[in-house]
Structures are given as structure tokens and as C-alpha cells.
Amino acid sequence: MNKVRCLLTVLCMLFLVQGVYAQSQESDAAENVINLIRMDKFEIILPQAMRDNNVDMWIYVVREDDPLRIDLGVDDGICVLTDRGGRRIERAVLGGKGDKNVYDIFGSERDLPEFVTERDPKRIALNYSEQGSGFNTITQKDRDKVLKALGDKYAKRVVPGDFVAVDFLSGKVMSEVVLFTKLGLECEKIIEGELDKIVPGETALKDLSGNVFVRDPDGNEENNTDYVIQRGDLIGLLHSAELMNFNMHIGGIAYVLRDGETDLPLEVKKIWEHALITREIFRKNIKAGPTGRETLELLIRKLEEAGYVYIDDDEYDRNADPEKTQVHIDFHTMGRSVSYEDAPRISPLGPEWTHDLKIPLYHTFTFEYMIHMPVPEWGRGKHLYVCLHDGVVVTERGVEFPYSPLDKIRAIR
Amino acid sequence: MKLVCRCLLISLVLLVLQGSNAQAQRGTAATKERFDNLLPQTMRGNNVDMWIHVLQPWNPFGEGGETDYLQLGTDSGYCIFTDRGGDRIERAVFEAYGDIRARELYDIIGNETDGMWSAGSRFAGIGEFVAERDPRQIAIDLGGISYADYRRLTEEIGEKYAKRLTSADDLLADFRPSSVRREDSRFRQPEAWTNLIRRDKFDFVLPQVMRDNKIDMWIHVIRDWDLLNLGTAAGYGVFTDRGGDRIERALFSYNDDIQDAGAYDVVNVIENSDLRFANLREFVAKRDPERIGVNFSERLQFADGVSFEDYTLLADAIGDRYAKRIVTADILVTDYLSGKVVSELVGFGQSGAAMAERMGRRFEGIKPGVTALSEIRGNVFIRDRDGRESFQDDYIIQRGDLVGTPHASAYILREGETELPPEHQGLWEHGMAVRGILRRNIFPGRTAKETLDFLIGKLEEAGYVYTDRDRYDRNLDPDKTQVHLDLHTMGVADELVGPRISPLGPDWVRDLTIPLNHTFALEYMIHMPVPKWGKGKHLYLPFHDSGVVTERGVEFRYPPVDKIFVIR
């Protein structure tokens, strides 16, 4: 018996060691991906982001909890990026440790005045913002310290660095698109698993993981509450997946069949058709180059030409034409944990300044839109509601799906 | 209890080890049985004394991907079976390009290596072979052999024997394994193709490639293991440029098992496959195309799909007026496969990432002085200081060796060493410098040849010598490091589809233009002289990472190899 126990113990140990080993390999692989993304962004995105913003030096003081710590590859210190001509930006870290594969120069914080004078930049971006963006990350103490170190001549040349940060994060390299997809597929799997758990009449919204909601025909919403899912409900579920500084969330939709139903009822099929028609309108009309605002205006026009009513709020408008289906749009950026709010956004939501940002090439964002379809036979103002939320990429050719978008409303028996 | 546990463990290990091997052996044994017992009676019963069965020119799906529903023990090439009397049929296989799974079944194995590149000579020498055997009736699968192959074959065997060709339909019906149909192999398409990829390629790539090739109707007849995967096992697609930003897509399927009918504007299920092109005359006439591309090709074997029988029926169905407008669609097929949509990029990117993760692990078990190259999985080699290569053989790995695979290399530390010696470190740095040059200088829009010339210039500016062979050239400047390039396509059927920035391969692949999102291998080899070891002595390091050409240059989708692995 003892020998059997020994054998089992050895086997358990082997499994444990194997598990730890596999986990460490997985985390190495994740780190390698993040390192590649960082290197490629410095190589490919950074020069363009600095030149587009007419900045020839970008000083970023990184402290322990800075949201760009992983993106910049610096734990604590002053990151000084200088455009000295050519295709590459010179990269220095003063007073801290940085990714050796990315940075050319390592020095002390005390070197800053001499370092800047030697390079004589015309416009110096610093990590603060005048418009309340999330990139207002430098502390007052650090800001005073940097300005003092620069001296009057160069302190006068300092401008907010938030736009450089926005462009640096929004411009995507190919490895980011691959990671974006990987996370999207993970979300998809989780969503399927959550929807599998639904037992009509028993499962409450709060029993499911993610952002789970149901709206009744009057538009009243239950969201992650005690509400128990009933037959005839149309359920939306958004879920996220993360890897270090990357984050992604997408959505799924399920209809709970009523007793006797074997397929989606006609009105649910119809709202799905609207979802597909509008998806095509969005795909055909979004390109890299125009701003979020310009794109939104174009999409509103195209929706109206196709017979839809655009709505600014995600609520059914009882004053709008009762024959027409209403569509709300919030195409926000997606991929990184830090820049949901501070990036190009094709939406009536979010800070105004984000609507004026141009859609960059390989912009990764969400096709988040909501369809409110009137169902006149249920009574005045009664309607059905679905929310779609898929990840997409803007390429030279338009909008492409990196993985299969939601392709149906799932029927739950 | 102990005994039971031990037995269970041993059985499990043995089962895992033996499973795949046993399956392959069972397949070979079954084929041998059919060759020995069924083949003579089948050929004689059908009054045939020679049977030529032409397979794919190469196996685009790699090791283990069976391409032939007849299970002849090879995945490419062509087999010639001759009844020369006696109990046995003579079995020969030619041009199989390393895809023969059961060599012991064949009496003659000819020209294994060069076939894929020399489309014109695929059947070279066969005339003599046939004449020597002087068959009275030669069976050939007219529904399987491509139109271009049939023309080449008849040219090679000459009029005398071409007249003796007869349909192998009855012979095939008698000889095929009872449970297998041709359609079964057609269903097994590359899994990487999803409905999304198909639809996006129709939307984004198809209009451009049809217009680039000045083809306003493209008829693609599906063959076994078709690289395009139109979403049905048997049938054909008809794509018509009727103006606008979209190409009309019609699918004529011989069965109703269509993967994604929604991708098509017109879907026809043809009940009687004997009348498969019957309705096409009206369809074509209504669209009145000027140039009709069909998938036959003398030079691009992967684009050579339509069978002799199908071509004949098709030409007859659309009538003389339109048959005269038929041209090869080979470059269109290449362009269509090479033009990548984002879902393809990330799909292949993810499988590449998994491979990259495994790269270093294959070196983990190496024990210097004990492990032979043949014990390490995959394509493993060592080149000595004179450039002599040991490849997957019994060579025992020694300390100081640099063990290479196409994707990563490992150095075995000598006693007392704790890190890479300076010359190996220098070799790695050259590898990185060359990677930088390649990444910065490849863009869409140029041909592969123009790009190769440009890269050679850039390498030379940086102090390197370009070599057009993967060997150290002793006649070149002994102070300079030599670089060989083979930046071939990666994705569908790797080296074969699309522009190749390389001195290798046929000339036409260098004349192709590099498309946006071209996925390819950054395959290059560094030969670095080490003068202190003596004249001509050098170190060798190969690279094989996957890149994508975007408007910004070459980007990686997953981490490329980032070091020479070190084995203690």
C-alpha cells in the first residue's frame, strides 16, 4: 500500500512540476509577444506618431503605476525619445531600467539638462494633458523637477504629450493585431461557455460571468441582477479577456426558446437581419484617414439612406418614426487596457477631442452597435433590442474581421 | 497493485508510441495486398497492360496529408503499372518529390527531386519508358489528370501510344479501396480556410486580382485537394466581373453539402454530374465575357486543376465563340492565394506563434557526446568549419557544435564555457543586422526580382557579400560575411504560391509582384569566416522566421527567434 502511495505521490509531483513548467513557458511566450510588440511599435509607430504631432523630443516620466509602463518598457525613470532624423527615433532611459532591446542609451536623471541641450529640440512633449485625458500621468513633483532641469529655454518648448501617446498606442503593428485576435477568440469561447449554463426559469443574470443584460419590450433593462432568465428572453452577454496590458471584450446574443418553439421567432430573425445589414453599411464606409467625427457623420447618412434612424443614446426613441428601426453606435477602440477613452472613437460618447482623432491604419476597435426594432403588433413603443460587439481592424482595404464575427443569435432550448 | 500500475503505465507509453506507426504500417500492408492480389486481375479483367495514374505534382499539405484517394503509397508524382506477364505487375513511380510513403512497394522510383519546378519536363523520358514496354492499351484517369498534364503526357509518349490511351474509369472502380471515393479526399481541405477567409477574399482580393489579370470571368473547376477551397467537394465556381466593387460569385456544386452557400450570389446544385456544364452556355452568353480564365497551366502546377475531361466538356458546353476566349488563370490563382486578408494573417500568425513556442524545446534533451542528430525531431543539421553538413544522421552531437534547424539554432557549451563564445556572438549579431536590412527594404509593389536586386545592393552597402547558393564561397573576400537569401512564400503551400525573393525556384516566381500582406519566410543563411581557424573556415547560421509585408515594411506576427539557444 505504501508503495502505491509512493507511486501516486511521485506521479502527482510529476504533474505538478509539469504544470509549473508549462505555466512558466506560457508566461515566457506571453512576455516574448509583448516584447515584440514593444520593439515593433518603437520601430514602426513611434517615428510617425512624433512627426505627425510635430514633436522632436518626447519626455515621459515613468513611475511605478504608470499605465504606459509596459508599453514603454521602463519600470521607473525618465524616458527620452528624440527624433534626430532618419527612420529611427533615438531612445534613452535616464535614471531607471529599460528594455535593453529597445533603448540605445542608459544614463542618470542628472544627465537630463545636458542631454536635452545637446539635442536642442524645438518642441518637447511631456506626459501631461490639458484636456483631462488619461495620459495626464506625470506628478506635479516630477513635472517641476523636469522643467527645472530643462531650464527656461527648453521649458518654454514643452507641450502636452497626450496626442503623441494616443497615436503611439492607437497605431497598431501586426503582432498586436494577432494578439487582439487571440484575445477575441478567448472571449468567444468564454461567452459560449457562459451561455451554455443558462437554465430557463433557474439561472439569474448575476449567476453568469460578464456583463449580462436583458431588455423588456419597453426597453427596461436588467443588468447582472437577480432577474431569473425566462423563456422568450433575448440575452446579451459581453465578456473580456486580458494579457498583461492588453484587453479585449466582445459580445454574444442568445434567445431562450418558448415552449413549443423550435426555432427563433420571426421578429428575432428580423432583428438579426437588421444587424447584418447595418454591419455591412459600417464595413463599407469606414476607412483609415478620416476622423471619428467625420466617419460618424458619414455612417449616419448611410444608415438613413438605408431606412434606419440613428439615435445618440442607447434607448428606443418613442418620438422617432415608429415604422423604422433605430441604431445606436459606439465604435470605441479596443485592444489595450489603457486607452479605451483616449483614442479615436466613432461615437457620440466619450470626450469631444477623441472624435477629432484620425482613424489610423490597423486601428483595432469594436463594432459595438445596438438595434432597437419596433414590433408594432406588441403595441406602441414596444420593441426588441440587441447589442453587437465584435472586434475589427481598419486596413488599407477597409474594415476587416480578424476572426469570425458573431454569426447568429443562439437559440437556447 | 504495483504490477498492475506498472503494466498500465508501460502499455500507455507503448500505445502512444506505436499508434501512429501502426496506422501507417496497416495502410502500407493494405496497399501491398491490393498491389499483389487485386492489381493483376483488375488490369487483365479490363484488358489493360499499362495503367498511368497521375497524382498531384507535389503534396501541398505536408507530411501525413494523404492526397490520393486510391492509396497508392505516394502523395505526389505519377505511377506507371505495367503488366509484363507473370504473377506480378511492374510498379514504377516518378517525380514524387519526397512524398513516397511506401517505397518498398515500388520496383522503380525515378526522378524524385526536380519535378515540382520543371513543369515542362514532368513527363520527360516517359516516352522511352512506355516504348520499351510497348503496351497495347494504356488506361488513364481522364477525369483526374489535368488538361495540361494530359497534353504534356501525350506529347511525350507520341502519337503511336497516345492512340492507345483509354479511360481508366472501370479499372478505377474495380481497384479503389472499397470504402473510399474521390470526393472523400476533396472534402479534406486545409483547415485554415474558414468561411470568413473565403468571404473576405471574395470581397477584398478577388476584384483586384481579376482586374490585374484582365480576366472578366474566372471558371475554377475543383480538383482533389484544391488549394482554393471554394466550399464544396466537387463542382466549379464562376466569378464574373460585372462592374462595381464586387465580383459576382456563382457556385455549381455536384452535391448539396456546401460549407457556406451565403458567400455566393448564385448556387446551383447539379443532380447529374454527367451534365455538369450543361447550363453554362446560357450563363456565360448572358455575361458575354471577353477573357475567360480557367484553371489550367503549363507552368504553375498548383494552378493546373481542370481535368482533361472537364476541360473538354466545358469548352464544348460554352461553344466555340466563348471557348476561343479561354485563357490560363494561373497568375490569377497565384495572386488570389497570395493576396492575404487580415483573418488569414492572424490565422497563420497564431499557428506560427505556437510553432515558435516549441522551437527551443526540441534542443532540451540534447546530451553532448550521447545524442545523435537523428534522435532530435525535425529537420536538424550541423555544418562543420569547412561547411560539411551532417543532416539527421547518426552524428553524435559534441560540445562546441552549433546545432541548426531552419527555425532556431543551439550552441553546445564546451567545458568551462558559460556563454556563447565571441565568434558565435558575432555570428548572431550579423544575423540580426541582416534581419534589420531585410525588414526595412521589402515593400509591396515591386517584383520579387527587383526586391532581390535591391536587397543585394543593401547587403553590399552594409559590408556583406551575397551568395546565390547556401554554401560558403572560398573565392570571395575572406574578410566578409556571406549571406544567402530564400525569402519564399509562407502560408498556403509555402514555397510554391507567390513571389519568391530568391535565386531559387523557377524564373516566373521572381517576376511576380509582392502584394500587400504578402506572408513569407525570412529565410536567410549567414556564413561568417573565422580567419583565426584557418583559410576558408567559417560558421554557419540559418534563419527561418515568418514576416508580413505591409506598407510599412516587414512586420512580425509572433516573436521571431531571438537568440542562439545555449545547451550546457
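The entries below follow the order in which I looked things up.

**Entry 1: what I am looking at.** I noted at the start that this is a predicted model. I kept that in mind for every number below.

**Entry 2: domains of chain A.** I began with the domain assignment of chain A, which gives domain 1 (36–168) and domain 2 (172–412). I looked up how far apart they sit, and the centres of domain 1 of chain A and domain 2 of chain A, taken over C-alpha atoms, are separated by 37 Å. I then checked the contact, to which domain 1 of chain A brings 15 residues and domain 2 of chain A brings 13 residues.

Which elements supply the side of domain 1 of chain A that touches domain 2 of chain A? I found helix H1 (2–52) and helix H2 (69–72) of chain A, each with at least two residues there. H1(A) gives the most, with six residues. Sorting that side of domain 1 of chain A by class, I got nine nonpolar, three polar and three charged residues.

**Entry 3: domains of chain B.** Next I turned to chain B, where the assignment lists domain 1 (21–62 + 70–180), domain 2 (195–338) and domain 3 (342–567). I picked domain 2 of chain B and domain 3 of chain B, whose C-alpha centres lie 39 Å apart. In their contact I found 10 residues of domain 2 of chain B and 12 residues of domain 3 of chain B.

On the side of domain 2 of chain B that touches domain 3 of chain B, helix H6 (195–212) and helix H9 (330–338) of chain B each supply at least two residues. H9(B) has the largest share of that side, four residues. By class, I wrote down five nonpolar, two polar and three charged residues for this side of domain 2 of chain B.

**Entry 4: a strand in chain A.** I went back to chain A for strand E10 (residues 246–256). Is E10(A) mostly covered or mostly open? I found it mostly covered, with 10 of its 11 residues buried.

I then traced the pairings of E10(A) one by one.

- I saw strand E9 (residues 234–243) of chain A pair with E10(A) in the antiparallel sense, over 10 bridges. A:Gly236 has A:Ile253 in E10(A) as its bridge partner. E9(A) and E10(A) form a hairpin with two residues between them, and A:Met244 in the turn has a positive phi of about 50°.
- I found two bridges from E10(A) to strand E13 (residues 335–336) of chain A, and these strands run antiparallel. A:Asn247 has its bridge partner in E13(A), namely A:Gly335.
- I found three bridges from E10(A) to strand E17 (residues 410–412) of chain A, and here the strands run parallel. A:Tyr255 has A:Ala411 in E17(A) as its bridge partner.

**Entry 5: where the chains touch.** Last, I looked up the contact between the chains, which takes 27 residues from chain A and 26 residues from chain B. How many residues does H1(A) give to the side of chain A that touches chain B? I read off 11 residues, the largest share of that side. H1, helix H6 (174–196) and strand E15 (383–395) of chain A are the elements that give two or more residues there. By class, I noted 14 nonpolar, seven polar and six charged residues on this side of chain A.

Entry 6: I marked H1(A) for a second look: it gives the most to the side of domain 1 of chain A that touches domain 2 of chain A, and it has the largest share of the side of chain A that touches chain B.

How values were computed
Residues numbered from 1 in each chain as written. Chains lettered and ligands numbered in written order. Predicted model: local features only at pLDDT ≥ 70, side-chain atom pairs only at ≥ 80, totals over all residues. Domains from an automatic or database assignment. Contact = placed C-beta atoms within 7 Å. Nonpolar A, V, L, I, M, F, W, Y, C, P; charged D, E, K, R; others polar. Buried ≥ 20, exposed ≤ 12 C-beta atoms within 10 Å, placed from the backbone. Pairing = 2+ DSSP bridges.
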